[in-house]
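Visitor: I'm new to this one. Could you show me how to read it, step by step?

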Amino acid sequence: MNIIIPIKQVPETSNVKMDPETGTMIREGVESIINPLDLYAIEIGIQLKEEHGGKVTVITMGPPKAEKALKEAIAMGCDDGILISDRKFAGSDTWSTAYVLGEAIKKIGNYDLILAGERATDGDTGQVGPNIAAYLNLTLGTYISRIDEVTSDSIVVERLLEEGYEKLQMPLPSLITVVKEISYPRLPTLRGKQKARMTDLPLLTASDMELEEELLGLNGSPTRVVKIESPKVTRGGTIITAKDEDMLEESVDKLIEFLKSKEII
Amino acid sequence: MEYRNIWTMAETHEGRLKDVSYELLSRGRALADKLEEHLVSVVIGNDVDKEQINELILRGADKVLVVESENLNDFIVENYSNLVVDLIQKRKPNIILAAATANGRTFMPHVAMRLHTGLTADCTELDIEKETKNLLQTRPAIGGNILATIKTPNHRPQMATVRPKSSKPLETDESRTGEVEIIEFDESLVDGRVKKLASEYSKDSGLNIHGADIVVAGGKGMKKGENFAILKELADKLGGVIGASRDAVDRGWAVYPQQVGLSGKTVTPKLYIAVGISGAIQHLAGMKTSEIIISINIDPEAEIFKVSDFGIVGDLFEVVPLLNKKLQEEVK
């Protein structure tokens with residue numbers, strides 16, 4: 001079973017700081033990591049390879065430094081990595097990104113399954129996975145929480161939605177996006193890290209693929225960012241300290257009053 | 001043909017319209033009035049409740065398009081996408097809004113890709129740009145650290161998914177009238193490659209934290225899974241459901257569908273009660289757009305208090321049982 005996993009390098013959001021003047025993220029000194037939600041796709045991809053054979057190829061579209069994300073995925077156990085990078089891709093929205101990734105996947109070829117994380121923790125759209133499936137006319141399963149069965153030409157998966165779970169039978173090749181519940185990502189091993197260091201990462205640029213120039217980058221993107229703001233987060237609510245029994249009583253009474261004032265009770 | 005009118009994609013589950021279908025109409029109504037265009041609700045499903053379809057008109061739609069078929073009983077994205085693409089190509093709507101739910105966030109990008117148009121995910125605000133009449137779509141990104149406003153200037157339709165619970169349905173207006181048009185479903189649009197084999201929908205909606213008005217969430221401070229019983233009691237008294245932080249889910253005290261935060265769900269309930277949750281940035285990303293936030297935590301420095309409308313610094317094992325007891329007396 002040959003698997004392709006598109007991943008994204010994202011800023012480590014737990015340490016994210018915003019510039020209060022401009023409202024934009026301060027990227028300096030912020031570490032770049034593999035999108036945490038992609039790790040579940042990488043893990044289940046490696047498990048499927050271990051069980052059914054084949055190989056796992058990770059791909060990423062981004063600046064040259066995104067190579068680090070590919071190396072990390074190889075250190076976990078993926079076989080190959082391909083960097084898709086070109087200045088022409090700068091400013092791509094989800095449509096343009098999926099267009100390039102879709103063409104890259106076509107170029108790589110010979111795959112049974114595309115695995116993707118549910119969404120990236122920076123852009124938070126969850127659109128690129130479904131976009132790629134639509135572009136390549138691959139059947140799509142989203143929010144997959146379990147793989148129940150794999151045969152030579154089909155896969156049975158469980159999909160998580162608001163009301164519960166659904167079991168879907170999908171042909172191969174298909175594209176699935178996975179949620180955290182599907183796996184527990186392993187850590188890179190020392191041997192894996194050595195292998196990653198030795199592995200060459202081929203580079204795919206715009207001219208290596210059959211791309212229409214006017215569909216690339218900012219110019220090829222249907223959406224435009226009009227403005228970016230930092231929302232006010234602090235609410236400055238009433239905080240009561242229940243340091244003794246009287247205060248405990250009082251704080252709970254005040255809370256009930258608060259609930260009443262908001263017409264909750 | 002010019003692209004005109006606003007469509008909202010009603011969402012069905014087992015023949016019933018979900019609440020979010022009406023929430024989308026209140027968003028759509030405001031846009032339709034500004035643009036002086038019609039508001040159309042599109043219902044896709046099988047044997048959908050007729051009274052509910054009429055309610056779409058009473059709650060703001062000028063027209064309802066109903067597409068029903070046994071083949072549309074299950075959400076199979078390829079079928080939905082084929083159908084919606086076909087409808088869009090024939091009728092050319094200007095704006096399409098759908099719910100930012102598992103299904104909405106699946107078929108909308110599928111459709112947008114095929115039509116080569118822009119789609120903005122999980123919007124919390126929508127407006128019309130005065131000069132250009134373009135749709136302005138505002139959404140949180142980077143774990144809620146920024147609010148980005150996005151538009152699709154040169155492609156049509158303009159598409160957005162809208163965060164459930166981020167707006168309220170309009171009151172029903174019995175004087176409203178509108179047409180319900182039944183659209184024949186062309187069976188050639190059935191893709192047939194993917195089959196739904198089974199489903200396991202939770203009987204009580206307890207795991208549907210997206211759809212709940214009140215979420216009572218527990219974190220690491222709960223100390224063990226059994227202690228969630230006091231939260232359950234509180235949630236039951238308020239008519240809410242149980243949510244959890246990543247810590248609590250990773251420890252097995254709650255299940256993944258209950259997880260709120262960056263690697264779980266984003267919720268916007270009327271009331272969010274955070275108990276024993278410190279408020280890591282990843283958790284805040286999943287709940288800070290809640291209308292009212294109440295927190296109970298032993299640590300006065302906990303980040304969660306900064307985003308709270310009301311907080312109690314104290315031992316949750318004292319505060320919550322006392323709150324439950326007093327709420328019980330209130331009911332009497």
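Visitor: In what order do the 4 strands of the open sheet come?

Guide: Keep in mind that this is a predicted model. To read a sheet, walk across it strand by strand: here you go β12(A)-β10(B)-β9(B)-β8(B), with antiparallel pairing.

Visitor: Which strands stand at the edges, and why is one side of each left without a neighbour?

Guide: Those are β12 (224–229) of chain A and β8 (125–128) of chain B; each has a single partner strand, so one side has no neighbour in the sheet. On average, neighbouring strands are turned by 25 degrees against each other, direction ignored. Helix α1 (residues 20–35) of chain B packs on this sheet, where it touches β8 and β9 of chain B. The helix direction makes about 10 degrees with that of β8(B).

Visitor: How many bridges join β9 to β10 in chain B?

Guide: Count 5 of them, between antiparallel strands. For one residue pair, look at B:Gln137, whose bridge partner in β10(B) is B:Ile150.

Visitor: What about the largest nonpolar core: which residues have the most contacts inside it?

Guide: The general idea is that nonpolar side chains tend to be buried together in soluble globular proteins. In this model the largest such core has 57 residues, and A:Ile84, A:Phe89 and B:Phe107 have the most contacts inside it. Leaving aside residues up to four places away in sequence, B:Phe107 touches several others, including B:Met9, B:Phe75 and B:Tyr80. A second, separate core has 46 residues, among them A:Leu248 and B:Phe228.

Visitor: And how far apart do the C-alpha centres of the two domains of chain B lie?

Guide: Domain 1 (6–189) and domain 2 (205–331) of chain B have centres 31 Å apart. About 840 Å² is buried between them, 50% of it from carbon and sulfur atoms.

Definitions and conventions:
Residues numbered from 1 in each chain as written. Chains lettered and ligands numbered in written order. Predicted model: local features only at pLDDT ≥ 70, side-chain atom pairs only at ≥ 80, totals over all residues. Heavy atoms only, no water. Pairing = 2+ DSSP bridges. Helix = DSSP H or I, 4+ residues; strand = E, 2+ residues; numbered from the N terminus. Axes fitted to C-alpha atoms, helices over the stretch in contact; angles between N-to-C directions. Contact = heavy atoms within 4.5 Å. Core = buried A, V, L, I, M, F, W, Y, C linked by side-chain atoms within 4.5 Å. Buried < 20%, exposed > 50% of the residue type's maximum accessible area, 1.4 Å probe, protein only. Domains from an automatic or database assignment. Buried area = accessible area lost by both parts, 1.4 Å probe.
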